[in-house]
Amino acid sequence: MTDFLAADDKALLERHGLGNFDALWAKELDAVDEPNTNRGGWSSVFRMDLEGRGFYLKRQSNYLTRTLHRPFGEPSFAREFRNILRYQTLGIPALQAAFFGERKVPGETRAVLLTRALDGWDDLDSLLQQWPQLAESEQRAIVKGLRRAGAAPARRAADARLFLSQAHFLAGHGWRVSGAVDRPGEDPSVVIRSARPDQGP
């Protein structure tokens with residue numbers, strides 16, 4: 001697969017010498033949490049800020065997902081990246097990928113996925129926990145925003161059998177999905193319906 005570099009982020013990344021796989025792989029950053037070390041490899045996430053814009057840099061080595069279509073495995077970030085593109089094609093607000101690439105080196109399969117941070121957005125679980133403390137006007141604004149901006153994309157996701165694992169809301173801007181995964185065989189519309197804030201906590 002050819003590396004993906006988003007046109008909107010290309011100039012910024014190149015100004016900082018981060019417009020290619022090798023530079024992103026070598027960038028020294030502090031991990032936001034402990035690396036995942038199952039699946040015979042590792043996967044780690046790092047926060048990166050450039051000129052006031054936040055990103056999450058995800059790197060993995062030999063962290064493979066095996067499916068019937070890819071029995072020898074592929075980096076799990078390859079699947080995540082394809083799903084981000086699927087959401088865009090379906091017109092579903094989602095994470096924005098800034099870069100994706102993978103490399104095979106002797107004894108190792110590496111992958112890099114750089115996504116824009118959802119700074120300023122609240123995940124729906126947090127909103128539901130805060131629900132009783134929110135003013136009635138804030139509750140109405142959230143419900144109105146979800147209904148206006150969320151109904152059609154949520155239906156398209158359900159029709160495409162996509163599972164909306166993590167959704168974030170920004171008042172006045174609607175919602176955006178940060179969990180770009182698909183779960184064949186499950187009915188994602190059940191998950192979507194269960195996260196309506198007008199049902200209370």
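The points below move from the whole chain to single residues.

1. Basis of the note. This is a predicted model, in which local features need pLDDT of at least 70 and side-chain atom pairs count only at pLDDT 80 or more, while totals for chains, interfaces and linings use all residues. Residues are numbered from 1 along each chain as its sequence is written, and side-chain values use heavy atoms, with hydrogens and water left out.

2. Confidence. The protein chain has a mean pLDDT (the predictor's confidence in each residue, from 0 to 100) of 77, and 69% of its residues reach 70 or more. The pLDDT is below 50 over residues 168–175, a stretch with 35 contacts in the model beyond near neighbours in sequence; contact here means heavy atoms within 4.5 Å. Residues 178–201 also have a pLDDT below 50, with 59 contacts in the model beyond near neighbours in sequence.

3. Overall composition. Six helices and twelve strands make up the secondary structure of the protein chain; these are DSSP runs numbered from the N terminus, helices being H or I with at least four residues and strands E with at least two. Of its 201 residues, 43% count as buried. Buried means under 20% relative accessible area, exposed over 50%, and partly exposed in between, with a 1.4 Å probe and protein chains only. Among contacts with a separation of 6 or more, 59% join residues 24 or more positions apart.

4. Helix H1. In helix H1 (residues 7–15), Asp9, Leu12 and Leu13 are buried. Seen down the axis of H1, the buried residues fall within an arc of 100°, so they line one face of the helix; the arc is that of the directions from the helix axis to the C-beta atoms. Ala7 and Arg15, on the other side of H1, are exposed. The cover over the buried residues of H1 includes S1, strand S2 (42–50), strand S3 (53–61), strand S6 (97–105) and S7. Just after H1, Gly17 adopts a positive phi of about 70°.

5. Nonpolar cores. A nonpolar core is a set of buried Ala, Val, Leu, Ile, Met, Phe, Trp, Tyr and Cys residues joined through side-chain atoms within 4.5 Å. The largest has 16 residues, of which Leu24, Met48 and Leu114 touch the most other members. At least two residues of this core come from each of H1, H2, S2, S3, S6 and S7, and H2 gives the largest share, four residues. Another core, of ten residues, lies apart from it and includes Phe77, Ala97, Leu113 and Leu118.

6. Leu114. How buried is Leu114? Its relative accessible area is 0%, and Leu114 is therefore buried. Leu114 belongs to strand S7 (residues 108–116). Setting aside neighbours within four places in sequence, Leu114 is in contact with residues including Leu13, Leu24, Met48, Phe55 and Phe99.

7. Aromatic pairs. Rings of Phe, Tyr and Trp (its six-membered ring) pair if their centres lie within 6.5 Å; planes under 30 degrees apart count as stacked, over 60 as edge-to-face and the rest as tilted. By this rule there are four aromatic pairs. The ring centres of Phe4 and Phe81 are 5.1 Å apart and the planes stand at 50°, so this pair is tilted. It links distant parts of the chain, with Phe4 in strand S1 (residues 4–5) and Phe81 in helix H3 (residues 76–89), 77 residues apart. Phe4 is partly exposed at 26% relative accessibility, whereas Phe81 is buried at 3%. The pair of Phe21 and Trp25 is stacked, at 5.9 Å centre to centre and 10° between the planes. Phe21 and Trp25 are four residues apart in helix H2 (residues 21–26), and so are separated by about one helical turn. Both are buried, Phe21 at 2% relative accessible area and Trp25 at 17%. Phe4, Phe81 and Phe100 form one aromatic cluster.

8. Charge over a ring. Arg59 lies over the face of Phe46, at 4.2 Å from the ring centre. The criterion is that NZ of Lys or CZ of Arg is within 6 Å of the ring centre and within 35 degrees of the ring normal.

9. Thr65. Strand S4 (residues 64–65) contains Thr65, which is buried at 12% relative accessible area. Beyond neighbours within four places in sequence, Thr65 is in contact with Arg39, Arg70, Gly73, Glu74, Ser76 and Arg79.
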